[in-house]
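Subject: Structure for your review

Dear colleague,

Please find below the sequence and the structure that I am handing over to you. My findings follow, and I would be grateful if you read them with the structure open.

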Number of protein chains: 2
Amino acid sequence: MSFIDVVLGRPLASDEDHRQKINVKEGIPIFGLDALGSAAYGPEAALTILIPLGMVGIRYILPLSAAIIGLLAIVYFSYRQTIEAYPHGGGSYTVASQNLGLYPGLLAAAALMIDYILVVAVGIAAGVGALVSALPSLQTHTLTICLGILVIIALINLRGVRDTGWAFMAPTYIFVGCLMAVVVVGMCKSLLHVGHPTPVVAPPALVPTTGAISAWLLLKAFSSGCTAMTGVEAVSNGVMAFRDPKEKTAQKTLTVIIGVLMFLLAGIAYLSRVYHVGATLPGSGNYESVLSQITGAVLGKGIFYYLTIGSILTVLSLQANTAFADFPRLCHALAQNGYMPRTMANRGRRLVYSQGIYVLVLLAGLLLIAFGGITDRLIPLFAIGAFLAFTMSQAGMVAHWRRVGGHHAKHSMLINGLGAIATAATVIVVAISKFSEGAWITLFVIPGLLATMVTIRKHYDKVAEEIEAPMPLSVENLCAPLVVVPVEQWSKIAQRTLRFALAISKSIHVLHIDNEECTSDLHDRWQELVEEPTRKAGLPVPELVVLKSPYRLTITPILKYVLEMQRRFPDRQIAVVVPDIIQKHWYEYFLHSHRGKLLALLLVFKGNQRISVINLPWHLEEGSVEAREMSAQVAERLSRQRAA
Amino acid sequence: MSFIDVVLGRPLASDEDHRQKINVKEGIPIFGLDALGSAAYGPEAALTILIPLGMVGIRYILPLSAAIIGLLAIVYFSYRQTIEAYPHGGGSYTVASQNLGLYPGLLAAAALMIDYILVVAVGIAAGVGALVSALPSLQTHTLTICLGILVIIALINLRGVRDTGWAFMAPTYIFVGCLMAVVVVGMCKSLLHVGHPTPVVAPPALVPTTGAISAWLLLKAFSSGCTAMTGVEAVSNGVMAFRDPKEKTAQKTLTVIIGVLMFLLAGIAYLSRVYHVGATLPGSGNYESVLSQITGAVLGKGIFYYLTIGSILTVLSLQANTAFADFPRLCHALAQNGYMPRTMANRGRRLVYSQGIYVLVLLAGLLLIAFGGITDRLIPLFAIGAFLAFTMSQAGMVAHWRRVGGHHAKHSMLINGLGAIATAATVIVVAISKFSEGAWITLFVIPGLLATMVTIRKHYDKVAEEIEAPMPLSVENLCAPLVVVPVEQWSKIAQRTLRFALAISKSIHVLHIDNEECTSDLHDRWQELVEEPTRKAGLPVPELVVLKSPYRLTITPILKYVLEMQRRFPDRQIAVVVPDIIQKHWYEYFLHSHRGKLLALLLVFKGNQRISVINLPWHLEEGSVEAREMSAQVAERLSRQRAA
C-alpha cells in the first residue's frame, strides 16, 4: 500500500460508485455545513447594522428575521421543486442554462464559482480569526494555520464524498445540538418568566440610540442578514451524490437543513430580543459575538459555553467544505459542456473530480496568502455571488414551470417568481450598499469569468471542427518519411540510430556538425563505416551532410536544415531521430548535454505538421548489455566472413 | 538586433578569436585587479593582529612586509617561469597535474575553485560593506546592491574578455594612480623631515601596549598579511587570452602587476611606520582603515582623499572580476579532461566559457544570499585555497625542472622549492590559526569537491566504454518496429497517426481505452473506418486492441500493454506513436490534456532500449489547412470511384 493510498485511500473503480453514495445523516454535514454555519454570522450581521439604533434596533430584529425566514421558505420550496425537476443535479447553472439560455446559465455559474472560492478563503480565515482571538499566542501563525486547514479539507475531499461526511459529522452535530439546546432552554426560561428572563451572565449594556430609523437602514440590515442564507443551494447541486431514491433523500436532507436553520434563526432573534442582546462593534476592545452573549445569558459561561463556542469555531472553518463538495461538481458540469478545460470532466482515483479540487485549493490558497490569512473584508462580497445564483436559478424555475405546465404550474411559478424578485432585490441592495467596500470587484470579475468560459468553448468548437473526420482512413500516397539523423560521433548510439532509420525508411540524411573546435573522423571514415556495409547489403545508402557551425551552435544548424527540407519537399513527412542518453541517477542528468530535448522542442514548435520527432532512448548500463550483444553479432559475422 | 545582442554583444565566430586577444594595458585590469586590490587589505590584516602590541607592533610592520615582499618575489619568479613553460595556460591545475600527477592536480583545482567562489562573494560584500559604511542610508539594501553588482560583473564577462578589460580599466588605473601618489608624496615629505613628517590629519593615537611579542603572534601577522598575495596566479592561468607573442605579453603584464603591488606594499609599510599609523579594531565605533589614515596623514581629507577612498571601494568590489576571468577557464580545462560536466568545455556565443560564468554567479549568489550580503567572516578562509594552489603549482614546477633539466634547472628548482616551502608553511599556519574561525569548512569542502570530480570522470569513462563502436555499421536483422498507436476517438489526428504508422511498418497495434465513462464508437466502426480501406489497398490491417480501464486511467493501461509487448517480443523494436496537439497560444495549453507527454516520459523511463517514442504534432489552425487538403483528396477519390 503506497503512501498515496494511505492518505487518499485506494483507487475506486467506476462501478464502485454506489458505495460512495450518501444518506441523509451524511448529507447534512456535507451539503449543509455552509448553510447551518451561516446561522453563526447572519443574525449578527443584521444586528451590527442596527447598532446605532441601540435599544430601538433590537425591536426590529424579530420582523427582520421573520422576513429572512420567509425568504428562506420561498427559496426552500423553490429548491425542493428543483431537486425533483433535475434529479441529475440541478444547480443554478443547470437550471438557468436549460430554462433561460446559455448566457444566464454561465452568469449563474460564474457567480457561484466566485462565491465558492470566497467561501473557502473567508470561511477558513473567519474560523482561524475566531480561534486566534481566543488563543492570542497563535496570532503569528494565522496564515500557516489557515493553509494547514485548507490542505486538510482538500485531502479529506480527495478521499471522496463518503469519507468527507464521516469526518465532518461530529463537529456539525455538536454545533447543531449545542445551539438548539441554548435556544430551547432560553425559550423555556423566557416563557417561565413571561418574556423577562434574568440572564445568567448579563450581556454588555446596549449603546444609547444615536441614529434614526430609516427604510434604507432596515434594507441594509435585511441584506446583511441574508448572508444567513448562503449555502442553501448546495443540496440541489449534488443530488447525484445521494443514495437511491436520490431525489427523496436529497429533499429530506434539504428539509432537515432548512428546518434546523429556520429554527436557529428564529430562536436567536427571539433570545436576542428578550435578553436585550445587541451586536458589539467588531474590532473594538469589548467585542463579544451575539451567540457568545446569548449562550452566556441563557446557560452561563461554564463547560457547555466553551463546547458551544468551540463548535462554532470548528463549523466556521469547516464551512469551506461545502464549497469543496460543490465547486468541482460545477466545474465538471461546465467542462462536460466545453466551458472549462476538458480535464475537469474526468473523475479522479477516488471518483471525485480531483482537478476541480486542485483549482479551488490553488485559488483559495492564493487569496489567503495575498491577504495574509485575514480576509474579513471579503465577507460582504460573497453574498452577491450566492444571491445572483439564487436569482438565476429561481428565474429559471419560473421559465421551467411555464414550459412544463400542469395544474400546479401557476402556484409554483408564483413561489419561484416571488423568490426571484426577492433575491434579485437583495442582490441590488447588497451591490449598492457594499459597492465601495469591494462589491465592485465581484461585479468586475464575473463578466471576465463569463468571457473566459465562452472563449474556452469557442476554442474547443474550432478544434473539434478542425479534427472532425467523417471519412474512413485514406491510404493513398503512403510514403515513408525522410529520416534525418544527427550524429555527433561514431558510437554504438549512432549505430543504433542508423539501424532504426534504415528499418523504417529508404531516404536517410545523416547530419554532422563541424564546429571547428572538436574534431571527429566521421567524415573521413564514412565510406568504411556506413557506405560499404549498406551498399553490400543492397540497402539505400544514407547521405552524409556536414554542416559548418562557426558560432559553435549545434541545434540551430540542424533546425535550419530540417526546415529547409520541409520547404524543399512540400509533400513529404520528415522524421528527425533524436537519440537521448537516459541516466540511472538524477544527479547524472547534469553530466550530459540535453540538446536532444531542446531540438525536439524546437522542431515541434518551429516546424509544421509534417515534422515528427522520434525519440530513441539509450539507457546507460542497460545499454551495455545490448552493446555486448551487438559486438557478439559483429564478431560472429566477421568470423563467418573469414570462414567464407 | 535582439535584446540579447545589445546586452551581451553579437555572437562571435570561432575564427574571430584573435580580435578578443588582449595586450598589457588591458591585461592589468583583467588579471591584476585581484592582486592589486589585495594591497588594500593585506597590510591592514597584518596590522590588525599587531594591535595589542601598540607602538611596539608598528616597528614590526617593516620586517613583516619585507618578508611578504620577499615571498612575493619568489612567487613572481616562479610564475614567470610557469608562463614560459606553459604557454597554453599554466594554472596551478595544469602544472600540478602534469608534473605531480592526477590527484595533486585535482587538489589544486578544487582549492582554486573554492578560492574563486569565495573571492567573488567576499570581494563584492567587502566593497559594498565599505560603501554602506560611508553611506549608511543604503544599509538596508546591502544584499540587493551585492546581487546587482554580481549580475553586472557577470554580464560584462559574458560579453567577452576584451570588453571586460575596457570596463575595468578606469577604476584600476585610478586606484593604482591614487595610491602611488600617496606613497610618493608621503616618502618625499618623510625624506624632507628626516623620517619625522607632520601628518596633515593626525591618525588616531595608538592603543597602549597590552600584549607581549611572540614568534606565534608574528607568524599569525605574517600569514594574515599574506592575503596581500591572493590573485597573483591569475595571469599564468590566462596566457591564452593575451596577444602574440603571448608568453612575453603575459610576463610583461605579470611584471607590472607584481612590481606595482610590491611598491605599494613597501610604501604602505614605510608610511605606517613613519606616520605611526596602526590598525583600529574593526567594528568598533572609531574604526578607520589603514589606507584612509595614511591618505589623510599624507594629503589631508580633501577631494583627493575622497577620490582615493572611492577608488578603493570600487576596486574591492570589482576584484571579483579576476575570479570571473579564471574560474570558467579552470572549469573548461577540467571539463576537457572529463572532471567537470562536458558542457563546460564549450565556448559560448562571445567565445567565453559561459557555463562556468553561470555556475560562478549561482554559487557566489547563493553565498551572498545565505549570508545576507555580509560575508566578512569568510575572508580568512579564502587564503587557504589560494596558498594551497600556490604550493601545488610550485611543487609542480620543482618536478618540472627536475624532468626538463638544463643548466638553469638547479637555480630554478631552488627558487620554486623555496616558494613551495614558504607557501606550504603559510597554508599550515593559516589552517591552524583560523581553524576554529571557519577554515575547517574549506578543509572539509576540498576533499568533497575532489571526490565529485573523480566520480564525474569515472562516469564519463564508463559511458565512453559503453558506447564505443570500433566496428562499422551492422545491417543484419533489420526489422521495422512494432508500432503502437493509442487512439482516443476517430478524428483527423487519428487518421494521420495511422497513415504515419502504415508508412513505416507492417505491424500496427491500435490501442483504444474503454473507461466506461466516455463512449466512443471506434470499436463498432473499426471495420468500416480502417479494416476495409487497408484490406482493399492490400496493406497489412492494423489490429485494434480495446483496453478496459475501470479506474478511469488512460496512461497506465497503455504503458502496461507496451511493456507486455516488450516482454513478449524480446528482439523487436517497439515504437509508440504519440500524437500531440500544439497550441498557438500559451494559454491554450491548459485546455488540452497532456497525457501524451506524460506517456512519452513514462515509456522512456520504464521501458528499455527497444522502446522508442514518435512524437507526431498536430498544429492547431495550421492543421485545418492540411485537413482541408486531406478532405479534398478524399472527395477527389470518391468522385473518381464514381466515375469508374
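**Findings**

In this predicted model, the domain assignment divides chain A into domain 1, covering residues 40–461, and domain 2, covering residues 482–643. The centres of these two domains of chain A, taken over C-alpha atoms, are 64 Å apart.

Chain A contains 23 helices and five strands. Of its 644 residues, 48% are buried. Among the contacts in chain A with a separation of 6 or more, 81% are between residues 24 or more positions apart.

Two packed helices are described by the angle between their axes and the distance between the axes. For helix 3 (residues 42–50) and helix 11 (residues 246–274) of chain B, the axes come within 10 Å and cross at roughly 40 degrees. The crossing of helix 3 of chain B past helix 11 of chain B is right-handed.

Which residues meet where helix 3 of chain B and helix 11 of chain B are in contact? Helix 3 of chain B contributes B:Gly42, B:Pro43 and B:Leu47, while helix 11 of chain B contributes B:Leu265, B:Ile268, B:Ala269 and B:Ser272. By class, five residues in this contact are nonpolar and two are polar, with no charged residues.

Yours sincerely,
A colleague

Terms used:
Residues are numbered from 1 along each chain as its sequence is written. Chains are lettered from A and ligands numbered from 1 in the order in which they are written. This is a predicted model: local features need pLDDT of at least 70, side-chain atom pairs count only at pLDDT 80 or more; totals for chains, interfaces and linings use all residues. Domain bounds come from an automatic or database domain assignment. Axes are lines fitted to C-alpha atoms, for helices over the stretch in contact, and angles run from 0 to 180 degrees between N-to-C directions. Helices (H or I, at least four residues) and strands (E, at least two) are DSSP runs, numbered from the N terminus. A crossing is left-handed if the near helix is turned anticlockwise from the far one by less than a right angle, and right-handed if clockwise. Two residues are in contact if their C-beta atoms, placed from the backbone, lie within 7 Å. Ala, Val, Leu, Ile, Met, Phe, Trp, Tyr, Cys and Pro count as nonpolar, Asp, Glu, Lys and Arg as charged, and the others, Gly among them, as polar. A residue is buried if 20 or more other C-beta atoms lie within 10 Å of its own, exposed if 12 or fewer, and partly exposed in between; C-beta atoms are placed from the backbone.
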